[in-house]
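Hello,

Here is the structure for you to look over. My notes follow below it.

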Amino acid sequence: MVKKHSDIAFSEAPVRVSEWRRFRRVFFERRLVTFGLVVLVLMLIAAIFAPLLAPYDPYELGPGERLLQPSSKHLLGTDLLGRDTLSRLIYGARTALMVGFISVFISGIIGIPLGVIAGYFGGITNMVIMRAMDALMCFPMLLLALVLAAVLREYAISGIWVVIIALSVAVIPGYARVTHGVTLSIKENDYILAQRAMGSSNMRVMFRHILPNAFPPLIVLMTMQLGALILAEAGLSFLGIGIDPPGAAWGAMVFDGYKYLASNPVLWLAPGIAIALVVFAFNTVGDGLRDALDPRLRGLL
Amino acid sequence: MPSTPGSEAYSSDEEKSMAELLKVENLKTQFHTESGVVKAVDGVSYYIDEQEIIGLVGESGCGKSVSQLSVMQLISTPGKIVGGEVIFEGQDLLKYKTHGPKMRSIRGAKIAMIFQEPMTSLNPVLTINQQLTEMLELHLKMSKKAARERAIELLGMVGIPSAHNRIDDYPHQFSGGMRQRVMIAMALSCNPRIVIADEPTTALDVTTQAQLLELMKDMVERFKASLVIVTHNLGVVARYAQRIYIMYAGRIVEAGTTKDIFGKPRHPYTIGLLKCIPRLDEEEDRKLVPIKGLPPNLINMPPTCAFLPRCSYKIKKCSQKPWPPLTRLHGQHYVGCYVNTEEMRNEPAAR
Amino acid sequence: MTTYIIRRLLQALVVLILVTLIVFFVMRLLPGDPILIYVAQTAELERMPQEEIDELRAEFGLDKPIMVQYANWVAGIFRGDFGTSIFYREDVGTLMRDRFPPTIHIGLLALIVGAVFGVLAGMVAAVRRGKWLDKIVTPLTYVGLTIPVFLLGILLIYAFGVKLGWLPISGYTSPLDDFWLSTRQVIMPVFCLAVFGLAANARQMRSSMLEVTRQDYIRTAWSKGLRERVVVMRHMLKNSLIPVITLMGVSVSIILGGTFLVETVFAIPGVGRLMVSSIFGQDYVVVQAITLIFAVIILFVNLIVDISYAWLDPRIRYG
């Protein structure tokens, strides 16, 4: 028995799903990405509400309570100077995220315009800017950060800012390159030419019309950079550069804990896992963003 | 209802299977996508004789390419061949393991394929020599030297000038038309019995199209092979094919000799297709009439005739009965339609 | 292709000049008297009589205009004169000659291990996509890309050095002196440095191959009746490797960056540790020299990578 003609709807090509819904669907498709997002949110909460969440003052010395193993009183034990590890871990989140976000912001403010200008104007401007970026990229991130930190340290800037400035400089080329690439690819598009024919100033064309196209890859880049920056910050504080004592930084905690390698493994494991977890979270969220925003970027980023 | 149109032309089963080189029986291939199951090929049956040229015509998405890829077992996830038989030289090819030695000895050696996109169908990092000789060495067990000479010979046959110089070039150093000639040479290199050309000229300009089709016809005659031309352009097969199958939404809707199809088309879709083609022998003022509507979504197809929403000849019966089976009109002419369109020659004014 | 190479070489030259400028002027960012770069700590400087300071200034050419100083410095590099270490009171060139071998030994091994095994792992994961091998390799690559190199070092030391006692936890011996001991000492540091390369190469290779699998010419290859091994090795491999080559540059950069951390954790007397101690010791001559050398190494590696890339891809080579 066949249904009546009017009851059956012959569908043609499927209707276009709204962009936002598609983005949400692709983004949360992988459990890993959702997991990463959860970790990041938790990290953010820990950083912002550190004073409320930390059971103890991270700087408070406890001379009688040195190197305690984890217990109900100190969930992760105490360190060499009797400070509560868990509290220091939570405050360390603050340091890490602060360094990460501020560095990304600063390098973005500098790198993105550089990329647009270089791509848009071409010629000598392009050559000078991009070669300068190439030169910066010849220095491994850690190396550049180390040298800059060594120099900046001589100035009376607090440790955390030394790290932030050093890392920002190291990361600028990434933004310049991505923006440069996007600019080159759409520079000759008809609507750009139309804008210029209309008499729009160069600034307007660059920032109002070209730049927004760079947002998707830039957002992905920023997320990935955050992971790399936190890793670099950890490396620097591990080597002893950056946070002045008694500040809490995960890398430094690992270094301190290393001395008690076998006796108090929590001292170096806890901050180490924290670092790995945050970087992992940023990377997976970055992956998810990239797939959701534009899978064509997969080869580039 | 006969399963293979035209096969009753022969008096006995034995005679039938002796002449038929390839017989495809009720082939079904499906793709499992997020939105549902796409029935790309939904019960397709056809046959090819020795040294015959047949055309498989239909618009994009009707399943013609998928059907040919299924014959070669070149379907990969999310696609799957779910039913039917492909009888070649007495064996059902679908029973062979996809990557097993038996199927591999068929591909390239007995049945070969020419693909649509010459620009991307050749490996950019290997020379033409490498890509031609690997088949000769594998299937014909030739030595490197002999294979190279044969490859040069083949290139010459398909009209590549200075073949002995150009054989060591890379694909990007050839134009689209030349690359397609190389593909033709590759397809025929191991003397296959059947060559399947999947939209071989769609990506090329009209002049090159004509040259290549002429070349293919010559080559298959020379090699005594059969040719399947898969295309959306009826005009292409008019000149070369002896028999034509018209496909729509995964099934064959009309089959017959070229004369039948062009002279007395019966299925509304075929009639529509013919109306789209400009012809030299018709009146100046005839308008080209496109078929209204869009191809159907192959997921969750209703059980009635799939052409229904676009049909100008439909009657009440069409919406009440399932997809019409193929019925024989005469000789080798079959059609799957409830309407006698010949009687309704003039387009009804109401539609 | 020759035009491409020439253009690329010129580009590299410009970048090289910029790099030397950066290294030179960053050191000049130090506050106070640039004589600090050549002499010991500020405290010592304060104790010196003015004439001595002036003498030293002249000796180091600090009384000349800045660009001349730059030129002199570059000229010195060409002659192999990197200056004298403040701390070691040794010619920096000699210092480098002693310290570089362990770094190169470990770094090179890490590069090779990362490349070879990374590519193999990626290939296997792609060919057996979705099967259990892929399900193990793919998440592992995530770990490899995110784990901090020093944490990995400490973990390995904890596991293999302390708990299991299989491997020595620090120190370095030249393979020429005692091959077996050298190898045992070097396993963990090499692994630490190789992990990123392993992960990155595996991911890139896997994704390259999956991309290549979808290409039309692979479908053509299957239609010719070729065996899986032939399709993978002859048709897919070369196409997939091309993007992986570009990773070599990044790998070297990561290894050179990681060497500071790894040599600190494993107490290896290489250039990395020298750099770290020089930074804390304010031995700026050494800092400057190492920075320049590392940057130039990376510059050359990138140059070679770009040229190899052009040479491997026939579309670029035979334009």
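**The sheet in chain B**

An open sheet of eight strands runs in the order S6-S7-S8-S3-S9-S10-S12-S11 (chain B), with mixed pairing. Strands here are DSSP E runs of at least two residues, helices are H or I runs of at least four, and both are numbered from the N terminus. Two strands pair if DSSP finds at least two bridges between them. Strand S6 (111-114) and strand S11 (327-330) of chain B are at the edges with a single partner strand each, so one side of each has no neighbour in the sheet. From one strand to the next, the twist averages 20 degrees. Axes are lines fitted to C-alpha atoms (for helices, over the stretch in contact), with angles from 0 to 180 degrees between N-to-C directions.

S6(B) pairs in the parallel sense with strand S7 (residues 194-198) of chain B, over four bridges. Ile114(B) is opposite Ala197(B) in S7(B). Helix H7 (residues 176-188) of chain B packs on the sheet and touches S6 and S7 of chain B. Its direction makes about 175 degrees with that of S6(B).

**Chains A and C**

36 residues of chain A are in contact with 37 residues of chain C (C-beta atoms, placed from the backbone, within 7 Å). H9(C) bends by about 40 degrees at Ala194(C), the angle between axes fitted to the seven residues ending there and the seven starting there.

**Conventions**

This is a predicted model: local features need pLDDT of at least 70, side-chain atom pairs need 80 or more, and totals for chains, interfaces and linings use all residues. Residues are numbered from 1 along each chain as its sequence is written, with chains lettered from A and ligands numbered from 1 in the order written.

Best wishes

Methods:
Two residues are in contact if their C-beta atoms, placed from the backbone, lie within 7 Å.
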